[in-house]
Amino acid sequence: MGYDDILAQVADLKLFTPGPTYVSRELMAVAAKMPNFSHRDEEIIVRFKPIYANLRKMAEVDDSYNVILMPGSGSTAMESSIVSLVGDDEKVLSISMGSFGDMYHDMTIVNRKNSEKLSFAPGQGIDLNALEDKIKEMESNGEKPSVVTFTHNETSTGVQVDVVAICNVIKKYGAIALVDAVSAFGATNTGIQDNVAMYSTATQKSMALDAGFGLAFVSEEALERAKYLKENKKCYPPSTLDLTKHAATAKGFMTGTTPNCTLINALFLQTDAIVNTEGVQARYDRHRAMKEMTHDWIDTLNNGCKLFPSKDVASSSVTGLQMPPGTKMQDFGPLKTKLRADKFVMSTGLPPMNKALEAKGEGVIMRIPHMGDMTKEMLQDYLDALKKYLLEM
Ligand SMILES: Cc1ncc(COP(=O)(O)O)c(C=O)c1O
């Protein structure tokens with residue numbers, strides 16, 4: 001069987017899922033044509049030096065932040081932050097606005113850290129006064145947190161928060177911030193510099209590449225902390241998640257374990273395209289414009305659907321759309337089928353939250369991603385099809 005016969009077995013679909021997202025086949029074809037290389041040869045350095053420089057420009061950080069690529073995915077970097085930067089005798093506060101905030105908190109629990117959770121209702125951002133009150137309460141109980149985790153962009157609800165404002169509260173109480181930015185990085189300004197100890201992300205969302213790396217920006221102070229905790233037996237990171245190990249190889253422009261070399265070739269091309277062709281701020285502006293386009297489109301529906309989060313915290317990379325009251329998860333079935341016939345893959349809300357909304361008789365949610373290399377034209381095509389089918393529901 002030739003390649004064409006094999007290719008005929010798979011569908012060519014347009015992904016409107018909030019990761020993995022659209023990846024340019026053109027870019028991947030060029031990446032695949034680039035020579036193979038060994039990750040222990042200087043060829044990886046030829047690729048990683050410009051990749052690091054471009055990633056720093058996207059993250060708006062200087063050399064006091066280490067860029068670390070870990071084979072794995074966003075969760076790999078997030079879990080590495082927990083096992084390496086939280087001492088077993090320390091207290092963690094995990095702020096959650098939805099499923100991914102819960103996931104970061106769960107990582108603290110399964111890794112046996114002493115952790116508490118502060119939850120905000122789905123669709124809401126992080127209330128700074130409530131955060132401050134929670135830290136004060138923990139302090140008065142003799143359990144002041146040394147580490148606070150939060151999500152920059154909560155993909156399950158489409159809520160994006162102000163990293164700098166939240167970190168200002170965290171820093172006021174002497175704690176460090178660990179940030180999950182899996183669906184934020186590449187879509188919006190980061191706020192990392194002098195604020196965040198470790199900012200974790202991945203390649204398969206707003207970076208518009210395939211999955212395969214956890215990507216982290218880690219301050220020098222955070223690395224010192226990781227070394228101190230490990231040397232003084234205050235934490236025992238498993239070797240594949242040990243931040244000190246990853247940082248040591250990253251400083252030499254390599255990865256600790258064997259990476260996906262084609263993805264490195266793609267990162268080499270893609271980070272250059274983001275920084276030198278599109279421009280970092282232009283990329284972030286495009287994301288904001290697509291968000292506004294989606295909000296304006298919601299206003300044209302007039303069928304009871306509404307923006308799930310409040311506008312001031314609505315995400316640049318994914319919009320949460322709430323169906324009319326009484327809608328159930330099963331109502332998405334026909335919508336999915338119709339969109340799929342047009343070669344679109346849609347994304348509903350995550351089941352735990354939709355089950356809860358359903359139980360309260362409130363409309364369930366779906367998510368409309370507008371991230372990565374998606375163009376306004378691609379988004380408009382999807383919104384046109386989605387509107388047609390939503391109005392038939
Ligand atoms: C906000 C957020 N955090 C973490 C993750 C998990 O990332 P990964 O699948 O790259 O491990 C996701 C994935 O959707 C996410 O959206």
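A crossing of two helices is called left-handed if the near helix is turned anticlockwise from the far one by less than a right angle, and right-handed if clockwise. I noted this before opening the model, which is a predicted one, where local features need pLDDT of at least 70, side-chain atom pairs count only at pLDDT 80 or more, and totals for chains, interfaces and linings use all residues. Residues are numbered from 1 along each chain as its sequence is written.

**Entry 1: α6 and α7.** I took helices (H or I, at least four residues) and strands (E, at least two) as DSSP runs, numbered from the N terminus. I looked up helix α6 (residues 128–140) and helix α7 (residues 163–172), whose axes come within 10 Å and cross at roughly 20 degrees; axes here are lines fitted to C-alpha atoms, for helices over the stretch in contact, and angles run from 0 to 180 degrees between N-to-C directions. That makes α6 roughly parallel to α7, since angles under 35 degrees count as roughly parallel, over 145 as roughly antiparallel, 65 to 115 as roughly perpendicular and the rest as oblique. I found that α6 passes α7 in a right-handed crossing. On the α6 side the contact is made by L128, L131 and E132, and on the α7 side by A165, I166 and V169, where contact requires C-beta atoms, placed from the backbone, to lie within 7 Å.

**Entry 2: α11.** I checked the span of helix α11 (residues 280–299): at 1.5 Å a residue, its 20 residues should span 28 Å, and the end C-alpha atoms are 29 Å apart, which agrees. The expected span is 1.5 Å times one less than the number of residues. I then listed R283, H287, M290, K291 and T294 as buried residues of α11; a residue is buried if 20 or more other C-beta atoms, placed from the backbone, lie within 10 Å of its own, exposed if 12 or fewer, and partly exposed in between. Seen down the axis of α11, these buried residues fall within an arc of 100 degrees, so they line one face of the helix, the arc being that of the directions from the helix axis to the C-beta atoms. The face turned away from the buried side carries the exposed residues Q281, A282, D296 and D299. Among the elements covering the buried residues of α11 are α10 (261–278) and β12 (318–322).

**Entry 3: loops.** I saw that the peptide bond from G19 to P20 is cis, with omega near 0 degrees, and that P20 lies in the loop between β1 (14–15) and α2 (25–33).

Note on methods:
Contact = placed C-beta atoms within 7 Å.
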